[in-house]
Amino acid sequence: MPINDKNQNKRKIVIIGLGVGGLYAAKSSMNTDRTAEVTIIEKRDFDMFSACGLPFAIEGIVPNFEALKFPVPGHLRRLNKLLNHEVISIDTKNKSVSGKNLDSEEIIDAKNRKGALGYTRSGKEAMLKTCPKIKPIKKNPAKYDLVIIGTPVWFFTMASPVRTYLSKNKFKKVAFFLTMHGSGDRKTFKAMQRVCKKKPVSVLSLTMKEVKNGDYIPKIKQFIKTMG
Ligand SMILES: Cc1cc2nc3c(=O)[nH]c(=O)nc-3n(C[C@H](O)[C@H](O)[C@H](O)COP(=O)(O)OP(=O)(O)OC[C@H]3O[C@@H](n4cnc5c(N)ncnc54)[C@H](O)[C@@H]3O)c2cc1C
Ligand SMILES: Cc1cc2nc3c(=O)[nH]c(=O)nc-3n(C[C@H](O)[C@H](O)[C@H](O)COP(=O)(O)O)c2cc1C
């Protein structure tokens, strides 16, 4: 690297957590070293949040929880933000952190499926391979290298809102996971593959018993390992 390269001596500072503490740590670092490259890693998918306002939101004085969110102040433009990332380990010797990307999208059903009527309707939709209306999605899955899609098993196939999501979107690579009472996983994976026209790189099936007993960790590790 050339001696006069200005980036060579630039300090890289990483701060974990975009709370008030993290923000002030960043501000102070940037004031101390005006050339430093400061990055805040935050697991939430939004900037800041007023915890002090929570009682007001619960009481209804503030209209909703969304109103408690606010962006990082504009004068901290130099600050790099990495939202949706959770730090899972810190290597002080090598001065590095590792984490995972928590980017996710919830498939939100437009229908109310509560009660016996909801159960019957859901079962019928699953069997008839219906694609019910879902709320508009916020993220385009085609832009992601890998999308992991989960579903409960409904009458030996995927839940109907998941069918809608898979049929209406394009994917580069997919991995599937599902929860079930005890049977239907293989048929469900095959159906999901057929609908999105992609062979999954990895699949994971969990019974409700495994979920309740917390016996899923080795299976999840294997699921992640197979993804490469
Ligand atoms: C109900 C309530 C009312 C309050 N009222 C007041 C008040 O009136 N006045 C007052 O002064 N204070 C008040 N406080 C306290 C104040 O909000 C907190 O002290 C302040 O938010 C703490 O800031 P922090 O940055 O230390 O932590 P947090 O705000 O908790 O920030 C920590 C951040 O780190 C992120 N994080 C954690 N682990 C990881 C990880 N592994 N990887 C990536 N990101 C991670 C979290 O998502 C979080 O955003 C109140 C708090 C509450 C809950
Ligand atoms: C309409 C419907 C049909 C279901 N069909 C099956 C099935 O064929 N096989 C099975 O093992 N579990 C079946 N289940 C159980 C669900 O798969 C299980 O409750 C679910 O995975 C739990 O996820 P949830 O908490 O999102 O409902 C069915 C549940 C519903 C509501």
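Guide: The questions that follow set terms against their definitions.

Guide: This is a predicted model, in which local features need pLDDT of at least 70 and side-chain atom pairs count only at pLDDT 80 or more, while totals for chains, interfaces and linings use all residues. Residues are numbered from 1 along each chain as its sequence is written, and chains are lettered from A and ligands numbered from 1 in the order in which they are written.

Visitor: What makes β9, β8, β10 and β11 an open sheet?

Guide: Strands are DSSP runs of E with at least two residues, helices are runs of H or I with at least four, and both are numbered from the N terminus. Two strands pair if DSSP finds at least two bridges between them. The four strands follow the order β9-β8-β10-β11, with mixed pairing. The edge strands, β9 (157–158) and β11 (203–207), each pair on one side only.

Visitor: How do you know that β8 and β9 pair?

Guide: Two bridges join these antiparallel strands, and at least two are required, so β8 and β9 count as paired. Valine 153 stands opposite methionine 158 in β9. In the hairpin of the two strands, with two residues between them, phenylalanine 155 takes a positive phi near 45 degrees.

Visitor: Which sense of pairing joins β8 and β10?

Guide: Strand β8 (residues 147–154) and strand β10 (residues 174–180) pair in the parallel sense over six bridges. Isoleucine 148 has alanine 175 as its bridge partner in β10, and threonine 151 stands opposite leucine 178 in that strand.

Visitor: How do you know at what angle α4 and α5 cross?

Guide: Axes are lines fitted to C-alpha atoms, for helices over the stretch in contact, and angles run from 0 to 180 degrees between N-to-C directions. For helix α4 (residues 160–168) and helix α5 (residues 185–196), the axes come within 8 Å and cross at roughly 35 degrees. Arg163, Leu166 and Ser167 of α4 meet Met192, Val195 and Cys196 of α5; residues are in contact if their C-beta atoms, placed from the backbone, lie within 7 Å.

Visitor: Why is a group of 19 residues called a nonpolar core?

Guide: A nonpolar core is a set of buried Ala, Val, Leu, Ile, Met, Phe, Trp, Tyr and Cys residues joined through C-beta atoms within 7 Å. A residue is buried if 20 or more other C-beta atoms lie within 10 Å of its own, exposed if 12 or fewer, and partly exposed in between. The largest such core has 19 residues, and Ile149, Val162, Leu166, Phe176 and Met192 have the most contacts inside it. The elements that give two or more residues to this core are β8, α4, β10 and α5.

Visitor: What makes a residue part of the shell around ligand 2?

Guide: A residue is near a molecule if its C-beta atom, placed from the backbone, lies within 6 Å of it. Around ligand 2 there are 15 residues, the closest being Pro152, Trp154, Thr179, Met180 and His181. At least two residues of this shell come from each of α3 (115–127), β8 and β10.

Visitor: Which residues come nearest to ligand 1?

Guide: Of the 17 residues around ligand 1, the nearest are Gly17, Gly19, Gly21, Ala51 and Cys52. Helix α1 gives the most to this shell, with three residues.

Technical notes. Contact = placed C-beta atoms within 7 Å.
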